[in-house]
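Dear colleague,

Please find below the structure that I am handing over to you. My findings follow directly after it.

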Amino acid sequence: MTSDVILDKPPARLARVFSGIQPTGELHLGNYLGAVRTWREQVEAGTDETMFCVVDAHAITVPYDPKELRKNIDDLVLDLIACGVDPEKTTLFVQSDVREHMELAWYLASVTPMGDLSRMTQFKDKGEGKDFVSTGLFTYPVLMSADILLYKATIVPVGEDQVQHLELARETARRFNHRFVGKKQKPVFFEPKARLSATPRIMGLDGEGKMSKSKGNTIGLFEAPDSFWKKLSKAYTDPQRLKLSDPGRPEICNIFTMHKAMSPKETQDEVYVNCTEAKWGCVACKKVLFENFEKELIPLRTKREQLSVDKVRQAMGDGASKARRIAVETMKEVREVMGLGSLGT
Ligand code: TRP
């Protein structure tokens with residue numbers, strides 16, 4: 001669909017970065033290396049306005065236990081803050097604390113064709129073979145579009161697997177403007193851009209697809225060092241390397257990918273040489289990786305232990321208020337151009 005209004009031109013202000021993460025269980029190495037670490041870097045750089053959201057309303061689209069969800073939300077917020085996503089410097093909040101996400105999702109559903117949603121690969125993957133597939137799972141990408149467009153975010157850090165959803169959000173911005181905004185008026189929404197993580201995808205410990213809690217192939221970021229090591233030491237490497245004397249292929253090895261994300265350049269080179277020349281065994285290589293993980297993770301663990309749940313809950317209240325201030329303004333515009341009620345806020 002083409003649009004008459006000029007899009008892709010962000011409003012005259014700082015870039016606004018928005019990203020979301022589901023509270024589906026402990027934060028693992030894949031989340032950290034692929035997303036959360038770059039969030040911290042963006043928060044610390046302070047060049048863009050940043051917003052990070054714990055997307056609990058997305059987590060309810062598959063069967064779940066309410067008590068567990070509540071705990072997962074608190075835990076994830078603690079994890080994120082311990083990782084340096086500092087609520088003093090960014091807007092960190094829980095999605096369901098800002099009801100406008102759900103409201104906008106409903107309105108955006110009116111410009112989102114069912115055909116687009118049924119082509120989403122995540123929907124196909126998560127829904128396939130299940131006895132119960134909720135309507136929410138089907139409309140999940142509409143809620144994701146709402147998350148982003150509600151704040152008129154310009155940059156959305158996501159993993160490769162979310163690019164299709166982001167394309168839909170861009171399309172939704174165009175469709176909405178085309179349908180509801182006159183040619184001479186200023187567009188309500190702008191097309192957000194994806195920012196892909198520079199870290200290649202971290203595979204699961206079993207080597208089967210990406211590291212993911214639902215597949216049980218993860219190492220928790222805040223796992224105790226002994227169980228961390230136990231899991232790492234058994235992790236899948238190059239399947240052709242059966243004996244120490246077999247040369248390994250770092251380029252296909254998940255452990256090497258992690259070295260690239262965690263270890264200094266000299267160590268990466270050392271690993272490469274010792275693996276391809278069959279001088280180091282996989283356990284030795286993992287030991288070096290483990291030590292580098294420890295260096296980075298010990299301060300995060302210490303920080304996490306020091307955080308108080310009460311203080312963190314209060315910070316989430318403040319985060320939601322900050323987010324709501326923007327959300328309310330967007331919703332006024334949206335209701336107005338859609339011809340909906342204006343007395344609610
Ligand atoms: N769907 C994303 C994921 O599973 C999470 C998410 C929800 C998100 N809303 C978002 C990511 C908005 C970026 C922006 O990873």
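The sulfur of Cys53 lies 17 Å from the closest cysteine sulfur, that of Cys83, which is too far for a bond; a disulfide here is a pair of cysteine sulfur atoms within 2.5 Å. Cys53 is also buried, at 1% relative accessibility, where buried means under 20% relative accessible area, exposed over 50%, and partly exposed in between (1.4 Å probe, protein chains only). For Cys285, the closest cysteine sulfur is in Cys275 at 6.3 Å, again too far for a bond. Cys285 is buried as well, with a relative accessible area of 11%. The structure holds zero disulfides.

Please note that this is a predicted model, in which local features need pLDDT of at least 70 and side-chain atom pairs count only at pLDDT 80 or more, while totals for chains, interfaces and linings use all residues. Residues are numbered from 1 along each chain as its sequence is written, and side-chain values use heavy atoms, with hydrogens and water left out.

I also examined one helix pair. Helices are DSSP runs (H or I, at least four residues), numbered from the N terminus. The axes of α3 (residues 66–82) and α12 (residues 282–306) come within 8 Å and cross at roughly 130°; axes are lines fitted to C-alpha atoms over the stretch in contact, and angles run from 0 to 180 degrees between N-to-C directions. Asp75, Leu78, Asp79, Ile81 and Ala82 in α3 meet Leu300, Lys303 and Arg304 in α12, contact meaning heavy atoms within 4.5 Å.

Yours sincerely

Conventions: Helix = DSSP H or I, 4+ residues; strand = E, 2+ residues; numbered from the N terminus.
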